[in-house]
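Please open the structure in your viewer and keep the sequence beside it. The stops below say what to select next and what is found there.

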Amino acid sequence: MGKLIEIDSLNYPGVELFSRLTETQLRNRLEPEKGIFIAESPKVIRVALEAGYEPVAMLVERKFVETQAAEFIAQCGDIPVYTGATELLSQLTGYPLTRGVLCAMRRPQSRGVAEVCADARRVVILDSVVDATNIGAIFRSAAALGFDAVLLTPTCCDPLNRRAVRVSMGTVFQIPWTYLCNTPSQWPHPADELLHQLGFKLAAMALSADSVSIDNPQLMAEDKLAVIMGAEGDGLAAATIAASDYVVCIPMLHGVDSLNVAAASALAFWQLRVRR
């Protein structure tokens, strides 16, 4: 059972996890492998706990301690559970608590690309996608529409960003993911070589004179496919397109030449999924 602590001040010791630390500070708190992230809302917290993530502390509006937060408080062992009035907690965090509860959790150990892709046939590579909402939406679509893993370049938004986690509805805890390489200079080379060694063909989503339609039979028949989605606005770099086995476009009407990356990814995942 969590240790219930009533707070009456924005400076109460321990609550800085939920207030003063930036996303970067949370990620690097103590040692990087022991960093923290914030899970927001009962549904997201439930998914994280079911996936084995370790809780560190909770922040709960007083009115929810014995209702929708009760199961988490009982589950989370002897961790501090800070509580107080709604207005005080909103001042502390700087935003209204989604359904009245936040949970600080340990970041997981990083995983290698080969491990994440071991049983995968369809993966998505996110290249410099920086918007947290787009990251969360892409994870949710990937999990829902049959993709097996998500790989990110180092310039992407952190999938464990608070907003990304919430928008994903916790699917960042369900679908395997990792960073494709350690530095931007390693993408596309030599990271593309590792993917080819693992048996993947690379499909870059981009407008190009030699692009094929997303419903191209040969593309859809590939046994293992890594679909590359580019940054909001700029899309994929020429070097990334050149390193790919396919350049793929989504046919569009009315002179529209692009979609939001989250919308485009959902279409790609549905069309290119493995028919099981």
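Over the ring of which residue does the charged end of K224 sit? Select K224 together with F200: the charged end of K224 lies over the F200 ring, 4.8 Å from its centre, where sitting over a ring requires NZ of Lys or CZ of Arg within 6 Å of the ring centre and within 35 degrees of the ring normal. This is a predicted model, in which local features need pLDDT of at least 70 and side-chain atom pairs count only at pLDDT 80 or more, while totals for chains, interfaces and linings use all residues. Residues are numbered from 1 along each chain as its sequence is written, and side-chain values use heavy atoms, with hydrogens and water left out.

Next, select R273 and W270, where the charged end of R273 sits over the ring of W270 at 3.5 Å from its centre.

Stay with the rings and select W177 and Y179, an aromatic pair that is edge-to-face, with 6.1 Å from centre to centre and 80° between the planes. Rings of Phe, Tyr and Trp (its six-membered ring) pair if their centres lie within 6.5 Å, and planes under 30 degrees apart count as stacked, over 60 as edge-to-face and the rest as tilted. W177 is buried at a relative accessible area of 13%, whereas Y179 is partly exposed at 28%; buried means under 20% relative accessible area, exposed over 50%, and partly exposed in between, with a 1.4 Å probe and protein chains only. Then select F37, Y53 and F173, which form one aromatic cluster.

Now colour helix α6 (residues 132-144) and helix α11 (residues 261-272), whose axes come within 9 Å and cross at roughly 10°. Helices (H or I, at least four residues) and strands (E, at least two) are DSSP runs numbered from the N terminus, and axes are lines fitted to C-alpha atoms, for helices over the stretch in contact, with angles from 0 to 180 degrees between N-to-C directions. The two helices α6 and α11 are therefore roughly parallel to each other, a term for angles under 35 degrees, with over 145 roughly antiparallel, 65 to 115 roughly perpendicular and the rest oblique.

Finally, go to the loop between α7 (162-167) and β8 (177-179) and select S168, which is buried at 0% relative accessibility. T171 is in the loop between α7 and β8 and is buried at 8%. Leaving aside neighbours within four places in sequence, T171 is in contact (heavy atoms within 4.5 Å) with F139, R140 and A143.
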